[in-house]
Each structure stands twice: as C-alpha cells, then as structure tokens.
Amino acid sequence: MTERTMDRAGTRPAIVTLEGVTKRFPGIVANDRIDLAIHAGEVHVLLGENGAGKSTLIGMLSGLQQPDAGRILVDGAEMAIRSPSHALSLGIGTVFQHNMLVPSLTVAENLALGGRWWQRPAIAELTQRVAAIAAPLGIEINLGARVSELSLGEQQQVEIVRALLRDSRLLILDEATSMLTPQGIAELGALMRRLVERGLAVVFITHKLAEAAEFGDRVSVLKLGRKVGEIPPERLRSLDQAALVEEIVAMMFGRQAGSAAVMIPPRAANDDALLEVRDLAVARTADAPGLDAISFTVGHGEILGIAGIDGNGQKQLAEALAGQRATAGGSVLLAGEALDGLDVGGRRRRGLRYLTDDRLAEGTVGTFPVSINYVLKQIGEPPFWRSGVERTGEIDARAAELTRLYDVRTPSIATPVGRLSGGNIQKVLIARELATGVRAVIFNKPTYGLDLSNTLATRERIREIASQGMAVLLISTDLEELLSMCHRIAVISQGRLAGTVRNEDSAGERVGRLMIGLAA
Amino acid sequence: MDGLLSTSFLAALLFGAVTAAIPLLLAGLGEQMSEKAGVLNIGIEGMMIAGAYLGFVGAYYSESFWLGFLAGAAGGVAVAALMALLCVRIGLNQIVIGIALTLGLEGLTALLHHFQFSRSYPRLPAAAVTPIPLLSDIPVLGPALFRHHLIVYLAVAAVWVMIWVYRRTQLGLNLQAAGDKPAALDVAGIDVVRTRTAAVLFTGAMAGLGGAYLANVGAGLFIPFITNGAGFLGIVLAMLARGRPLWVLAGALIFGGCLSVTTAAQVAGVNIPTDLIQMLPFLAVMAMLVLFGRRASLPAALGIPYERGAR
C-alpha cells in the first residue's frame, strides 16, 4: 500500500524475513528453525496439517508470542515484534482464525477500537476512510450493523478492511476459509488477488491443498513444526493444477495418497439384520427438527451411510439410537432384541456404541487425563473400580495398552485429553468405544475437523470394524467419504429418510438428487 | 399506626430511602464498570468497608466531610489496587481473591477501630445539607429529595456521566471490548490489563466513597461490619442492570426504599418482629432475581483473566 512498495513491486522486496525461528512449548517444539521470506505482491500460502505449527508462526509475526531462537527481519532490519500493537505499527495486520471482533459492538465501533481512550470515536472520519478502502476492493461494509448480526464471511471482510485501515503492508489470513461457504471462499480468493495487485503481501494459512494450489503465488509446506518444502512462483506457474497438488502431497506426507480412495470392505453375503430400526420418531424442538418414521436395517459387516445436509436430523437420529434422546415412538432392535427402554449404559453393554461428533464437549472430559477418558463410561465398574475405590494400576495398564493399540500420540497417559490434537482425541474416543464388546457402531461425522492423515486412519478403522462383522451406521455430510466406503447410502432430509441407494457407479448422482428433493 | 400515613412520616421515609440508596448506587455504578471490563469484583464489600473506616477516621480527625470522602475513596482505591494486582495482572481467581479481601478488611477495620476507640463509638456532627432552591420547598418531596448533602446530587449526576462514558467515548468501547472479547482489544493495540486495572480502581474509588457516605452521612459513626452486605447488593444491582447505569439507579432506589421501610417500621413501632423486618431488603433481592435474573446477560469474558496468546 505504501508508495515505496508500489514503486518496487516489480522487484518484490521481502517485507518480513524469518531466519531459523524456533518456538518451544512444554513437551513440543512448535516451530523448528523456520526460514521464510514474505514478499510484496505475492500470496504466500502456508500449508500444513493440524499441529504443523502454522498458528504459532502467525502468533510470532503478529506479536502474540516471542520466538525462543532465530531472528525476524522487517524491511531487512532485525526486529523483535513485542506486541500486537507493535506488529500493527510495523504494517503487519492479522485476520485470526477465530475472529477478533466484539460481537456486542457495531462494525463502526469495532473499527474505532484502539483509539486513545480520552478521544471520542471518530465515526464520521472512519466512514470516509472505510468507503475509500472498501469500494475499490468490491467490499460492502455496513458500519451501523452489530457484528453479531453479520455472517462469518462479512465479519472477515470487516477484519480485512480494519487491517487496511491501519495501513498494513502485510496481511496474514489464518485459516480464513474454514468457516466460509464455497461462494465466500471464491470471493476471498478474488479479494486476495486484488490486494496483491495493489502491492500488498498476503500470507494465507490453510490446511486445504486445493486452496493452496488455487490461490497461492508461492507455497511453503509445514510439517510437525518444520518447513519441509517451498514452491517458488516460477515453479508454481510452470506446473498444472494436478501436478502441483501431487508435488505438495509428496512434501506433506512423503507418499502419494488420494484423500478419498474408494475401498468398500468385502462382506460375506447374509441377510440377517444386526441393527434394525422400525418407525423411529422423535418430537421436534424449537431448534432441531424431529424424526419421522425412520426405518432401516444394517447387516453384519455392513456400512450404511446416512447422507444429508447438516441439521436435517442426523444428530437426533444418532442420539435417539444411543439412548441419549427420548423417542416418540418406534423401536430399535439389536440382533433381534429390543433396546427400547434401555438407557445409554444399557445399550452400551448390549454392544451398541456411539461416537459423537462433539469430541471435546460431549465425548471427553478435557481436563481429565487420557487414562481416565478411556474408562469414562465404565466408572465404578470392575476391574477399574473395586468396592468404589479407583484401581489406578488397572486403569493405567489399560490406558497404556489402548494408547499403543490405537496409536494415540500423547506425551503421557496423564496428559489432560483436551491438550491433544483433534485427531488424537478421536483416537481416544475410538479406543474407548470400540476396544471390547462391540456389535453395532454409530459414527457421527467421524472425520470432521481432522487433518488428512487422521482422516484416512479413521476411515481405515471404520472399514476394519465392518470387516470384523459389526454393523456400522456412518453419518456424514461428506458425500465423497460415504461413497468411498459404504455398502448402501440412505439420505436424510427434514427428519425423514428420503431413500436408500446401493453404492454403485451412479450412486453419487442419485444421492445428490435425493438430497435436493428429487426422486433417485 | 396513625403515624404511618402522616406527611412528615412519608417525607422521612423517602429521605431515608435516598440516604440508604446512595451507597448502593455508588457501589453498583462502580461494580458495573468492573463487570463491563470483565472483572467480577467480589472484593467490593471489602473496598466499601475500607472506605467506611478511612472515611470516618479522615472526617473525625480533619473535621471535614470532604477530606473524609477523599480518604474513603483512597481507601477503596488501595484495596482495589491489591485486587487489580492479584486478579488482573497475575490472573488469580477473582472470586477467591474477592472473598479473601472482603473478609480480611472486615476483620482489619474492626481491629483498627478497636485499637483506636476501644469500645466507644464517637459520632460525627450531622452532615451539612445543601437544599436546592425552589425544589426543596415542595411539600413532602422537597425535604425528602432535595435537602441532602452535596455528594448525593453528585452521585446521582454520576449516573449520567457513566451513560455518556459508555455510549459516547472511546473509553466506553474499550471497556466493553475488554469484557466481551479481550483478545480483540489486545490486537487492536490497547492494553487489556491496563484497561481492566483502570476499571477496578474506579470501582474501588466509588465503593470507598459509598462506604464513607454510609459511615459519615448515613450513620454518623463507624461500627465494625457497618456495610452489612451493601457491596454485595451493589453486585446484584450491577448484574441486574445489564450494563445500564439508569437501571442501577432504579434498583438502588428500590433497595434503599426497602431499607428505609425497615427503619421506619421499627421507629413507628409496627408490631412485627425486627428480625423479619430486617429481612425485607434481602427478600427484595431474591424477588428481583427471580423476576429479572434469568434475563441478566453478562459480558462473555466476565471472571476470566486475560492472558495474551492463550488458547
């Protein structure tokens, strides 16, 4: 934005350079000797999975954290970025993954935050400056609207405009697309292009390959705190999309892996229904649809997918089956025995297991150690408790075994489970629910929010369960996921099953038609 | 019982209501600022009793009510500074520290008073009133509402000052951001710890002033535990007011009215046990909480210490 960078946009000077930057947290090295140069006029993509160290890197650039070793250079001079306000004064503006707007204030008031406390907020002047910045970028900002009334995409635009109001030359967008609709993502991509054309530098952090390939001028790949590769603009331009994705995947995983490889577990022909649901009904509530006449069967070794747009009764179905939600009629049978009237514990003991999509709030107790979380649903039961007394030895032995079997990456079994990454929390849940006595399993969005390698591992685990002869009900909003592993796919729409499709060649299209209300 | 209906009794009742409401108003306005900024200031009862004690001692030795108020406010600020250090800067639990400060200062002031005055309870002369011309001549309402110490009018004026601060100033925005989303304030370049510290110190000043008024004007003397929950009533008022200073004023007048009825009923010799009558203000608290408490909406980050970069 400043004249100087505009003049030299052709030579692309580095605004910020990182040299050997290292940051340690208790138990982990979040960033290990990172070298990075951020140039004006470029969208620099930082790509990496959950826990690769992207957020820590941003924290240091935006003044929230200080590096333990290495140096940060701004315009070629070494500089300690002491605080967020210092970062702003250096021209580094950040749009954080979790937005930094005060929901109870209006847009104008949010933009005015940061003025001297004795001054009156200069709303009139602000209105002019916002118009001057937003109009050329094609952004519309309603200054009078309360932030809590805006969509996430609109909130993000407000934050970008705020960064530009402070004369940022470097704009950092942290996981900016994670909460946007496809339309919003495309708009953000166009906006980033217009920003770099004006001479700004943009750092775009993402864990999605396709976005990196589509939006980036330069791509740096982080893995486990290290920078494992960089694709400079010249190289990036010479590759086509597919070759680029392949190259990035090779950097990220050191192996070629498609995310949605189709592998339907083989299944011995049998017609016995292991899990049977007849005319299940749940009353609707103020904020959730009810269920109406849901009937289906899942056989031994079968994976039945439940497809549908989120919020059409998936959670209600899962909770009604697990016994967590009162039903208004119908029955659930497991191997011919009715489960109606049994509570959560009773159904669990019969072999019906439910893996919630809400891993942190509902699935685990974040402050409890990993070891206790493994036996959370057996509290008070032998061998882990005897006569009401906790047998630490039994619990720890069990925890150590499950940690090994399910490849849970945790510093120790005494670590609070809330400190683990999403993928590892999911592994703890899977270990707890599936280690013993399983007959039928309900998975609700099992790979939601997981990075690629954990997603693949989870899918492999689900296939494994089915090939052992269990019944699997897989609820997912990711159609590719369902198509990659289900035998049959049912579509749920407004609390009813709209139809069931065998997973054959044209299944994707037929499920899609059912989802939008057409006959398959 | 005839006395209950006479005009002079009614005037005394209203006068008492205002006198009882002022400490609650000051405490409520002070607490409101802390809560807006995200600090649940349970220590306000301790700040009030410190203000009551120092306010009384200040006025007693200097023989000036204004120096007394100044000393009271300073006492409140001193306790608030300790609270700000422990809860805002170091980030300790606000509830635990608040209770500790309250209990500690109740004991400390009682002890100091005992050392100084043993078992005697010296009184201050009656505070000078500043009647407002013309208005004070209205029958009943005049003597009830417009013949008070100057600080009463100042306290009521403070309500509108607070409204102006919250609605119109940068400071108001900063305070609200500190309570609703401190990280947003931090990345906007404003120091969250400083903003919250300032809010807590203001609470201390207001609570100290309220305590000094309670001792010097309301009672005319200091007795241990004189605040008797007034600070806690201030917390209730601030929570029910949902950030609006006018509601604090309204609530303070309602509770003040209850306290005044309590006194008046005893003076008038109503044949109800005193213990029951003294429960009235607290029953009013419970009734108001039942009626309005559900709708109380508090700042999102209330009670949570801010740590930069914490997830």
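**Strand pairing, helix packing and backbone exceptions**

In strand E15 of chain A, A:Ala338 is the bridge partner of A:Leu333. The model is predicted: local features need pLDDT of at least 70, side-chain atom pairs count only at pLDDT 80 or more, and totals for chains, interfaces and linings use all residues. Residues are numbered from 1 along each chain as its sequence is written, while chains are lettered from A and ligands numbered from 1 in the order in which they are written.

E15(A) is joined to strand E14 (residues 329-334) of chain A by two bridges, and the strands run antiparallel. Strands here are DSSP E runs of at least two residues, helices are H or I runs of at least four, and both are numbered from the N terminus. Strands pair if DSSP finds at least two bridges between them. An open sheet of four strands in chain A has the order E12-E11-E14-E15, with antiparallel pairing. Helix H11 (residues 314-322) of chain A lies across E11 (273-282), E12 and E14 of chain A, at about 65° to E12(A).

In chain B, helix H2 (residues 44-62) packs against helix H4 (residues 94-117) at an angle of about 20°, with the axes 7 Å apart. Axes are lines fitted to C-alpha atoms, for helices over the stretch in contact; angles run from 0 to 180 degrees between N-to-C directions. H2(B) and H4(B) are therefore roughly parallel (angles under 35 degrees). The contact (C-beta atoms, placed from the backbone, within 7 Å) involves B:Glu45, B:Gly46, B:Ile49, B:Ala50 and B:Tyr53 of H2(B). Their counterparts in H4(B) include B:Leu101, B:Leu105, B:Thr109 and B:His113. The contact residues of H2(B) and H4(B) comprise six nonpolar, five polar and two charged. Here Ala, Val, Leu, Ile, Met, Phe, Trp, Tyr, Cys and Pro count as nonpolar, Asp, Glu, Lys and Arg as charged, and the others, Gly among them, as polar.

Helix H5 (residues 123-137) of chain A has 15 residues, which at 1.5 Å a residue should span 21 Å; its end C-alpha atoms are 21 Å apart, in agreement. The expected span is 1.5 Å times one less than the number of residues. Just after H5(A), A:Gly138 takes a positive phi of about 75°.

Most residues other than glycine have a negative phi, and most peptide bonds are trans. A:Asp167, not a glycine, has a positive phi of about 60°. A:Asp167 sits in the loop between helix H6 (152-165) and strand E7 (170-174) of chain A. The A:Pro382 to A:Pro383 peptide bond is cis, with omega near 5°. A:Pro383 is in the loop between helix H14 (370-374) and strand E17 (385-386) of chain A.

Note on methods. Angles under 35 degrees count as roughly parallel, over 145 as roughly antiparallel, 65 to 115 as roughly perpendicular and the rest as oblique. Two residues are in contact if their C-beta atoms, placed from the backbone, lie within 7 Å.
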